[in-house]
Amino acid sequence: MPDLPTQDEVLSYFDSLSNWGRWGDDDELGTMNHITPETRRRAVSLVQEGVTVSCARTLSNATGPDVTFQPMHFMIESGEGYAHDEKAGPPRPAQTSSDFIAVAFHGHVITHVDSLSHFFFGGQMYNGKPSSLVSTRYGALRESIEVLQGGVLARGVLLDIPRLRGVPWFNPGEGILREDLEAAEAAEGVSVEPGDVLLVRTGQLRRRAELGPWNIAAEGGTGTHANCLPFYQERSVAMLGSDTGNSLIHPGFDRLTNPVHQVGIVAMGLWILDNADLERLAEACAERGRWEFMITINPLRIEGGTGSPVNPIAVF
């Protein structure tokens with residue numbers, strides 16, 4: 001087991017891994033600056049078959065111990081009243097169905113992207129902006145999800161750590177280390193490069209499917225350890241994604257409840273994709289022996305939004 005950083009060492013990452021001012025004092029894109037027209041063209045060149053794989057979980061109003069707020073889905077209009085009745089006359093000419101959907105997407109079950117206004121530390125968000133710029137009345141006045149209105153088109157890389165370890169999944173409290181990421185690169189014959197969307201599979205969704213959901217807030221989840229943060233910075237990762245909420249609890253840490261989000265978002269400006277479905281993608285990669293692909297991620301344009309539900313699409 002490698003020596004893992006202490007909480008004080010991880011706190012020092014706020015300085016040593018900081019991207020504040022790197023792209024200007026008014027920058028709101030953070031690590032999205034690593035994606036360029038050149039990296040997009042390279043990503044498009046990876047499409048050989050035209051086969052697509054969704055990396056989103058189904059949005060459901062089902063409840064469970066890992067559901068913080070149950071999504072609401074109401075039908076405003078349905079098709080139940082349009083059957084033709086000779087006595088009542090012909091059916092209404094304009095026959096439609098319509099929905100009302102409300103969702104609190106931050107949490108552990110909905111596939112979503114966090115904007116850089118989602119996390120603060122010491123009353124500040126990315127690039128030194130005050131947390132007060134996110135208000136209950138207006139939402140995020142800076143670094144909202146709208147800055148990503150052009151969407152994400154990038155090279156995606158999947159590092160399948162359970163496959164590397166020969167296990168079906170990681171259990172709550174088990175963290176993925178930098179050494180795991182590097183070993184998976186070697187095993188898969190791929191290297192994480194500037195502008196990539198890095199997807200790290202833990203198998204948590206498969207565990208949920210086979211063993212049932214659990215209370216992640218109380219029992220813990222899994223994800224990458226804080227010792228992976230320098231790896232993301234050194235490789236110039238544009239977005240980090242996982243099949244978890246990246247909620248790994250670090251024993252003995254009392255100031256950092258979620259270092260990957262706190263250091264990643266606030267200090268580095270790292271965009272994070274939570275709760276992706278990487279099971280089908282892992283199968284597609286294993287079938288092809290190919291762990292790189294084009295990926296598109298298109299958030300909703302939500303005024304003042306601190307993130308958005310998304311449907312990431314990998315294209316082979």
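## Around Asn 246

Asn 246 touches Thr 222, Thr 224, Leu 240, Asn 258, Val 260, His 261, Ile 272, Leu 273 and Asp 274, leaving out residues up to four places away in sequence. Touching, or contact, here means heavy atoms within 4.5 Å. You'll find Asn 246 in the loop between β13 (239-242) and α8. Helices (H or I, at least four residues) and strands (E, at least two) are DSSP runs, numbered from the N terminus.

Asn 246 has a relative accessible area of 3%, so it counts as buried. The labels work like this: buried is under 20% relative accessible area, exposed is over 50%, and partly exposed is in between (1.4 Å probe, protein chains only). For a sense of distance, Asn 246 and Gly 189 are 57 residues apart in sequence and 25 Å apart in space, C-alpha to C-alpha.

## What you're looking at

This is a predicted model, where local features need pLDDT of at least 70 and side-chain atom pairs count only at pLDDT 80 or more, while totals for chains, interfaces and linings use all residues. Residues are numbered from 1 along each chain as its sequence is written, and side-chain values use heavy atoms, with hydrogens and water left out.

## The nonpolar core

Which residues touch the most other members of the largest nonpolar core? Tyr 232 and Leu 281 do, out of 65 residues in that core. Helix α8 (residues 259-268) supplies the largest share of this core, 6 residues. A nonpolar core is a set of buried Ala, Val, Leu, Ile, Met, Phe, Trp, Tyr and Cys residues joined through side-chain atoms within 4.5 Å.

Setting aside neighbours within four places in sequence, Tyr 232 is in contact with Leu 181, Leu 198, Thr 224, Val 237, Leu 240, Met 268 and Leu 270. Thr 224 and Leu 240 are also among the residues that Asn 246 touches.

Met 72, Phe 74, Ile 76 and Phe 100 make a nonpolar surface patch of about 400 Å². Patches are built from residues with over 30% relative accessible area and no salt bridge, with like charges joined within 9 Å and nonpolar side chains (Val, Leu, Ile, Met, Phe, Trp, Tyr) within 5 Å. The areas come from the Shrake-Rupley method with a 1.4 Å probe, and for residues only the protein chains shown count as cover. Strand β2 (residues 72-77) gives the most to this patch, with 3 residues. Met 72 lies in β2 and counts as partly exposed because its relative accessibility is 37%.

His 73 is in strand β2 as well, and it is partly exposed, with a relative accessible area of 39%. Beyond residues up to four places away in sequence, His 73 touches Asn 61, Asp 99, Phe 100 and Ile 101. His 73 and Ser 144 are 71 residues apart in sequence and 25 Å apart in space, C-alpha to C-alpha.

## Salt bridges

Side chains of opposite charge can pair when their charged atoms come close. How many salt bridges does the structure hold? There are 16, each being a side-chain nitrogen of Lys or Arg within 4 Å of a carboxyl oxygen of Asp or Glu. One of them joins Arg 208 and Asp 66, whose closest N and O atoms are 2.6 Å apart. Arg 208 sits in helix α5 (residues 204-211) and Asp 66 in the loop between β1 (52-54) and β2, so this pair ties together parts that are 142 residues apart in sequence. Arg 208 is partly exposed at 28% relative accessibility, whereas Asp 66 is buried at 4%.

Another salt bridge pairs Asp 196 with Arg 155, with 2.5 Å between the closest N and O atoms. Asp 196 is in the loop between α4 (178-188) and β11 (197-201), and Arg 155 is in strand β9 (residues 152-160), so the pair ties together parts 41 residues apart in sequence. Both Asp 196 and Arg 155 are buried. Elsewhere, salt bridges that share partners join Glu 49, Glu 287 and Arg 288 into one network.

The structure holds 0 disulfides, a disulfide being a pair of cysteine sulfur atoms within 2.5 Å. Cys 55 is buried, at 1% relative accessibility.

For Cys 228, the closest cysteine sulfur is also in Cys 285, 19 Å away and too far for a bond. Cys 228 is buried at 0% relative accessibility.
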